[in-house]
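Hi there,

Here is the structure I promised to pass on to you. Please open it beside this email, and my notes follow below.

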Amino acid sequence: MEQYKKEFIEFMVESNVLKFGDFTLKSGRKSPFFMNAGSYITGTQLHRLGIYYAKAIHERFGEDFDVLFGPAYKGIPLSVATVIAYQELYGKDIRYCANRKEAKDHGDTGILLGSPIQDGDRVVIIEDVTTSGKSIEETYPIVKAQGKVEILGLVVSLNRMEKGTGDRSALDEIADKYSMKTGAIVTMEEVVSHLYQNPDLGDRGIDDEQKKKIDEYFAIYGAKA
């Protein structure tokens, strides 16, 4: 596992973004872990988060894209932090774009924030996490409606590796449905591998009981490759 992935996993735990316990998800599932990207609240945290996203995006797309699109609302700070980090790390200015929930009819009008999307643009979409694929169903037509653009892919911070509408993960279903690449900074499998019985992490790691609950959860809800 790449070093930046290990650092990101520990960063999620330290930032109280990734928690282990008993949680009820929007889907109604009872989950032994929960991720909330809204817990990144400081400048330092957002700067680090942007760096991890930038590394994951560069790994998959290099510098062959023009716009990073962040769906409202959590995607807005993610896209801004990441384009800043991308310029710092790789010396290339990527434009950011995001959408409003409702179109603005005065001043800076329209449904988009940041850079306009133009014919010929290659776009990567950034989100925090995807469990059902519902968000991309709303985002994809917004981006495509801007002109003759190519949506290259979707990158999230954590692949929960759970079933989407069928037996495969939501990210795999999205990749097939929209014919684009999907990926994450880390997968839940990588999270467990790094945190389980890691003596260097102390109470930031996971113990046998937590590991058992995660295994039982994925026995029911885990996606097939």
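Contact here means heavy atoms within 4.5 Å. Leaving aside neighbours within four places in sequence, Phe-20 touches Pro-32, Phe-33, Met-188, Val-191, Leu-195, Ile-206, Gln-210 and Ile-214 by that rule.

Before you read on: this is a predicted model, where local features need pLDDT of at least 70 and side-chain atom pairs count only at pLDDT 80 or more, while totals for chains, interfaces and linings use all residues. Residues are numbered from 1 along each chain as its sequence is written, and side-chain values use heavy atoms, with hydrogens and water left out.

Phe-20 is also among the residues with the most contacts inside the largest nonpolar core, alongside Phe-8 and Val-191. That core has 44 residues. A nonpolar core is a set of buried Ala, Val, Leu, Ile, Met, Phe, Trp, Tyr and Cys residues joined through side-chain atoms within 4.5 Å. Buried means under 20% relative accessible area, exposed over 50%, and partly exposed in between (1.4 Å probe, protein chains only).

Now for the charged pairs. The structure holds 16 salt bridges, each a side-chain nitrogen of Lys or Arg within 4 Å of a carboxyl oxygen of Asp or Glu. Lys-5 pairs with Glu-2, their closest N and O atoms being 3.7 Å apart. Lys-5 counts as buried because its relative accessibility is 8%, whereas Glu-2, at 33%, is partly exposed. Another bridge joins Glu-137 and Lys-177 (3.9 Å, N to O). Lys-177 counts as exposed, at 56% relative accessibility.

Happy exploring!
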